[in-house]
Amino acid sequence: MNILVIGCGRMGTRLAETLDLQGHDIAVIDSNSDAFRTLPDSFSGATVCGTAMDMRVLKSASVESCDAVAVVTSDDNLNITVCQIVKEFFGVTNVLARISDPTREQVFTRFGLKTVCPTNLAADTMGIALVEPWASCKAVFGCSTLSMVPIEAKEEWIGMDIRHLEIGNGRSIIAVVRADGRMELVPHHTRITVERGDQLIMASVSD
């Protein structure tokens, strides 16, 4: 894919580096040329210095031929404005904005803009780490993150059908790891009974 990353701070650098290693054609825009020094020596993409709201700068980064654009500067207002320019004037439909303020994320989502809020993602991760000290993992699909964490079966759950457990907080039980290490997925129409020593894999989605 041809992907344009706007903003070469910590997030933009990491994103550009990751996508470049995956074999995508990457271009990076930043208003400060010194920011490009954070890119690794192995980075094979293009760098363009200039203001992302300037259409000439966007064109010099070949925005018109991009399959996707990620706007990840530290300025929410700039990110949203540039996303709208890219969508409306250059016809790129796969555009993603970084939004630091959680209260604004929902507003921009209602405008049809895809957003990722690092503040929400960090809070969710820290909350899990504080109250559920087991190994967790995450997977990103589109602009949503699937978080999975195992919890030990409570004594009062023993003998109950997993499908009938009330977990709350927007979480669902998707699998159970038995005491012998076997994992069983939780189907919708089959009874699976909680046993002593089980760990239940809970999943939640954040946008």
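Visitor: Why is S62 called partly exposed?

Guide: The relative accessible area of S62 is 40%. Buried means under 20%, exposed over 50%, and partly exposed lies in between (1.4 Å probe, protein chains only). So S62 counts as partly exposed. This is a predicted model: local features need pLDDT of at least 70, side-chain atom pairs count only at pLDDT 80 or more, and totals for chains, interfaces and linings use all residues. Residues are numbered from 1 along each chain as its sequence is written, and side-chain values use heavy atoms, without hydrogens and water.

Visitor: What makes the phi of S62 worth a look?

Guide: S62 is not glycine, yet its phi is positive, near 60 degrees. Most residues other than glycine have a negative phi. S62 sits in the loop between α2 and β4. Helices (H or I, at least four residues) and strands (E, at least two) are DSSP runs, numbered from the N terminus.

Visitor: Why is N79 called buried?

Guide: N79 has 0% relative accessibility, so N79 counts as buried. N79 lies in helix α3 (residues 76-90).

Visitor: Which residues does V63 contact, leaving aside neighbours within four places in sequence?

Guide: L4, L58, V69, V86, F90 and V92. Contact means heavy atoms within 4.5 Å.
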